[in-house]
Amino acid sequence: MSEKKRPLILVCNDDGFYSPGIQALAEVAMKYGDVRVIAPDRQQSAVGHSITISKPLRANKVKMPSGIDATAVNGTPADCIKLAHDKLMDVRPDLVLSGINHGSNAGINIIYSGTVSAATEATILGYPAIAVSCTDFDEDADLSGCQEAASKVIEFVLKKGLPKGVTLNVNAPAGPLNGLVWTKQADSRYVEEYDGRVDPFNKPYYWMTGKFELLENGNDLDVSVIEAGKGTVTPIQYDLTAHGFFHEIKREPLL
Ligand code: MN
């Protein structure tokens, strides 16, 4: 009987290698394979898919607070994955995980999220990838339900794989997991409310304090399902083509 090789799992995030969330996800990953943690050396939330092109990247060996060996990169989550792929890993990972993010990445948050972008970058490079977020921002939030959701989705992906170009985006509330449902990204946006202040040099400055606004309702939408207390798994894609409109418009002459 041939023994199956233990999968190699790369773990990243956007809150930095020292965050409780990446620790919690690394612990889950260790149940399924050998783990490498390569993550930003500082808080990188809401950097989206940005990459570093105007300064050198450095990758330093560090110990996570729990003692797990990690590599900290002075770049964005997408930088971490690109550098891991090209230089930092001799053996290609079988799976890439990003999270557990402190804060929801449902609805329009997906597009601003560094956590989701690390997973998306992995998908672009051809790896099966999962982003995991806790909808509670509190760094001390109980991540056990998110860990359980991550386990279920890791098992699913290791068994069934993912179609080319598809990333799984998982969100779950703090505390125990009360269900895990396939969902779609809910149409939503932030109504910006910039708090305008004046600095000690009498110059104005602005601090974003936007309010999240849900623009649709439905029992298959990530934001609505989370509000109902369940975890969600949304398949997302980096192909941003509006396929429906393309097929509708492609015969219209432009010139
Ligand atoms: Mn974050």
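Trainee: Leaving aside its neighbours within four places in sequence, which residues is threonine 120 in contact with?
Mentor: Good place to start, and keep in mind that this is a predicted model. Threonine 120 sits in helix α4, which covers residues 114–124. Beyond its neighbours within four places in sequence, its contacts are His49, Thr167, Ile236 and Tyr238.

Trainee: Thanks! Now to charges: which residue forms a salt bridge with arginine 6?
Mentor: In general, side chains of opposite charge can pair when their charged atoms come close. For arginine 6, the closest N and O atoms of the pair are 3.2 Å apart, and the partner is aspartate 34. This pair links distant parts of the chain, with arginine 6 in the segment before β1 and its partner in strand β2, the two being 28 residues apart. The name you want, then, is aspartate 34.

Trainee: Why does lysine 63 count as exposed?
Mentor: Lysine 63 forms a salt bridge with aspartate 69, their closest N and O atoms being 2.6 Å apart. Exposed means over 50% relative accessible area. Lysine 63 counts as exposed because its relative accessibility is 54%.

Trainee: And how many residues apart are glutamate 213 and arginine 189?
Mentor: These two form a salt bridge, with the closest N and O atoms 2.8 Å apart. Glutamate 213 lies in strand β12 and arginine 189 in strand β9, so the pair links distant parts of the chain, 24 residues apart.

Notes. Residues numbered from 1 in each chain as written. Predicted model: local features only at pLDDT ≥ 70, side-chain atom pairs only at ≥ 80, totals over all residues. Heavy atoms only, no water. Helix = DSSP H or I, 4+ residues; strand = E, 2+ residues; numbered from the N terminus. Contact = heavy atoms within 4.5 Å. Salt bridge = Lys/Arg side-chain N within 4 Å of Asp/Glu carboxyl O. Buried < 20%, exposed > 50% of the residue type's maximum accessible area, 1.4 Å probe, protein only.
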